[in-house]
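Open the structure in your viewer and keep the selection tool at hand. The stops below are meant to be taken in order.

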Amino acid sequence: MSDVSGRVPAAVIERARRVRLAVFDVDGVLTDGRVVLGDDGFEYKAFHTHDGLGMRLLQDSGVDLAIITGRTSTVVSRRAEELRIRHLMQGRSDKAEALAELLDRLGIEAEAAAYVGDDVVDLPAMQLAGLGIAVASATPMTRAYADYVTAAPGGAGAAREVAELIMAAQGTLQARLARYLAAEAAE
């Protein structure tokens, strides 16, 4: 996805160039939206490794990451720790308020934030952010209000797509992939 010019509207590319903070919802964005509750009382979620690597690459490119979710889950805390995401806000039903608090704390303007969601509870935060993104599996209303809709569904590559979109727009994608592509060139 190093050349986004033909597939992504110019206005979206311009907004993605300004992103310094990428914020992700969990259920339906970093997962496929299903919540599995076991007989043991534990909650289970499945995360895609492609999304995780994309998020790490985005962090390495200089974009800070955050998670804002309405639910509270130990597994989300663990995933955030694995991905070195320092800004984790759980149990936040008013996601726009949470995003505003985070932006204020970090000294970042709303125009420099991207928010990725999948349902109407995400719309206020998507509208506050400079770049509001819905995953392909989002509700129709959420997709209708998004600045950009991913081709990949939540939990199956959408976060990776967002990461590559932002890095491509900022001109950092090829540098982030260089160490992986160097092995291919040596063959």
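**A short tour**

Select Arg-92 and Glu-101: a polar contact of 3.0 Å joins their side chains (a pair of N or O atoms within 3.5 Å; within protein, one must be able to donate a hydrogen and the other to accept it, and residues adjacent in sequence count only if both atoms are side-chain atoms). This is a predicted model, in which local features need pLDDT of at least 70 and side-chain atom pairs count only at pLDDT 80 or more, while totals for chains, interfaces and linings use all residues. Residues are numbered from 1 along each chain as its sequence is written, and side-chain values use heavy atoms, with hydrogens and water left out.

Stay on Arg-92, in the loop between strand 5 and helix 4 (95–106). Helices (H or I, at least four residues) and strands (E, at least two) are DSSP runs, numbered from the N terminus. Arg-92 has 19% relative accessibility, so it counts as buried (under 20% relative accessible area; exposed is over 50%, partly exposed in between; 1.4 Å probe, protein chains only).

Next, select strand 4 (residues 64–68), where five of the five residues are buried. Asp-64, Ala-66 and Ile-68 point one way, Leu-65 and Ile-67 the other. Strand 4 runs parallel to strand 1 (residues 21–24), joined by four bridges; strands pair if DSSP finds at least two bridges between them. Show Ala-22 with its bridge partner Leu-65. On strand 5, also parallel to strand 4, find His-87, the bridge partner of Ala-66.

Finish at Arg-84, in the loop between helix 3 (74–82) and strand 5 (87–89). Its phi is positive, about 60°, although Arg-84 is not a glycine. Most residues other than glycine have a negative phi.
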